[in-house]
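Subject: Handover of a structure with two ligands

Dear colleague,

Please find below the structure that I am handing over to you.

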Amino acid sequence: MVKNALITGATSGIGKSTAELFAEHNINLILCGRRQERLQDLQEQLSSKTKVHTLNFDIRSKGEVFNAINSLPTEFSNIDILVNNAGNAHGLDAIDTGNIDDWDAMMDINVKGLLYVSKAVIPKMVNQKSGHVINIGSTAGKEVYPNGNVYCASKHAVDAINKGMRIDLNQYGIRVGAINPGLVETEFSNVRFKGDSKRADDVYKGFEPLKPEDIADIIYFAISRPYHVNIADLVVMPTAQASSTIVNKKL
Ligand code: NDP
Ligand code: 8X3
């Protein structure tokens with residue numbers, strides 16, 4: 001049976017690669033993000049392989065999230081797979097010098113935005129008594145690194161929400177799991193360093209980072225297991241990385 005998947009943050013990085021891979025497997029796609037042109041391009045690119053519907057909204061806005069998801073046409077309105085992926089780090093500063101707007105952005109997007117989308121989608125899964133939620137956490141949700149304070153807090157929150165969702169939705173047979181990547185080369189560091197591309201590029205110099213396709217593969221693996229198998233919590237790092245602060249760089 002063809003399934004419908006809603007992917008947040010589908011306009012770049014992990015979300016975009018996941019959309020591309022799901023399309024190869026004929027999963028119908030609801031692609032979300034703020035950058036309309038990219039949503040349109042992706043829709044054009046993938047429409048020959050599967051059905052694609054795009055939703056343009058800022059995950060920080062409760063109203064936009066609910067309006068968008070409630071506007072889904074009937075054929076997309078039963079969501080089988082939710083990939084809670086949208087998110088970013090903003091800044092890398094010590095707790096005493098950090099920028100409050102950056103803190104707001106990370107908590108509003110990575111935590112509250114994920115909750116808003118979940119609230120808009122999960123009650124339907126409960127009615128259907130089926131569904132699969134993949135939460136994209138991070139190694140930053142498993143440990144804390146210098147200057148990572150609030151980003152790490154937001155991803156520790158995702159870790160807790162993932163566990164809570166799994167407990168609360170257990171009775172409905174809904175699968176819930178988190179994929180927690182280490183260093184993946186996407187637009188992530190460009191966003192974190194506010195367009196300072198030299199600083200962003202330096203993050204991935206001297207070792208082979210994960211690619212967004214690597215995470216997409218794992219997400220597809222998780223959602224394609226037989227029903228009795230739930231990948232509950234998975235950590236994946238580049239081979240060169242041992243922890244958030246230990247990366248075997250050959251510079
Ligand atoms: P990218 O910056 O490449 O992608 C981030 C995506 O999130 C974009 O599609 C962006 O879309 C979307 N997004 C950001 N803010 C908002 C918003 N306010 N409203 C709606 N959508 C938004 O980064 P990644 O692909 O790397 O990040 C995806 C997820 O993976 C994030 O949750 C991140 O924390 C996590 N992660 C990343 C790692 C890495 O090393 N790259 C490692 C571990 C976890 P648009 O701008 O169009 O709205
Ligand atoms: C992204 C990985 O190490 O930059 O979540 O926090 S890290």
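H7 contributes the largest share of the lining of the largest pocket, namely 4 residues. Helices (H or I, at least four residues) and strands (E, at least two) are DSSP runs, numbered from the N terminus. A pocket here is found on a 1 Å grid over the protein atoms alone, as an open set of points with protein on both sides within 12 Å along at least five of seven lines; a cavity is a set of points where a 1.4 Å probe fits but cannot get out, and lining residues have an atom within 4 Å of a point.

Please note that this is a predicted model, in which local features need pLDDT of at least 70 and side-chain atom pairs count only at pLDDT 80 or more, while totals for chains, interfaces and linings use all residues. Residues are numbered from 1 along each chain as its sequence is written, chains are lettered from A and ligands numbered from 1 in the order in which they are written, and side-chain values use heavy atoms, with hydrogens and water left out.

The largest pocket

The space in the largest pocket comes to about 1,100 Å³, a volume being the space filled by probe spheres set on the grid points, which are joined across faces, edges and corners. Its lining has 48 residues, and Gly87, Asn88, Tyr151, Thr186 and Phe188 are the closest to the centre. Two or more lining residues come from each of helix H1 (13-24), strand E2 (28-33), helix H6 (149-169), helix H7 (188-192) and helix H8 (197-203). By class, the lining of this pocket holds 20 nonpolar, 19 polar and 9 charged residues; Ala, Val, Leu, Ile, Met, Phe, Trp, Tyr, Cys and Pro count as nonpolar, Asp, Glu, Lys and Arg as charged, and the others, Gly among them, as polar.

Ligand 1

Ligand 1 sits in the largest pocket, in the sense that more than half of its atoms lie within 2 Å of the pocket's grid points. The elements H1 and H6 each give two or more residues to the shell around ligand 1. There are 29 residues around this ligand, and Thr11, Ser12, Arg34, Tyr151 and Thr186 come nearest; a residue is counted as near if one of its heavy atoms lies within 4 Å. The shell divides into 12 nonpolar, 12 polar and 5 charged residues.

Several polar contacts (pairs of N or O atoms within 3.5 Å; within protein, one must be able to donate a hydrogen and the other to accept it, and residues adjacent in sequence count only if both atoms are side-chain atoms) may be listed. The side chain of Ser12 has an N or O atom 2.7 Å from an oxygen atom of ligand 1, and a polar side-chain atom of Arg34 is likewise 2.7 Å from an oxygen atom of ligand 1. From Ile59, a backbone N or O atom lies 2.9 Å from a nitrogen atom of the ligand. On its own, ligand 1 has 870 Å² of accessible area, of which the protein covers 97%; such areas come from the Shrake-Rupley method with a 1.4 Å probe, and for residues only the protein chains shown count as cover.

Ligand 2

Ligand 2 also sits in the largest pocket. Around it are Ser138, Ala140, Tyr145, Tyr151, Gly182, Phe188 and Arg192, a shell of 4 nonpolar, 2 polar and 1 charged residues. An N or O atom in the side chain of Ser138 is 2.5 Å from an oxygen atom of ligand 2. For Tyr145, the distance from a polar side-chain atom to an oxygen atom of the ligand is 2.6 Å, and an N or O atom in the side chain of Tyr151 is 2.6 Å from an oxygen atom of ligand 2. Ligand 2 taken alone exposes 240 Å², and the protein buries 88% of that.

The whole structure has 1 cavity of 30 Å³ or more. The largest cavity has about 60 Å³ of space and is lined by 15 residues, with His90, Gly91, Asp93, Met106 and Asn149 nearest its centre.

With kind regards
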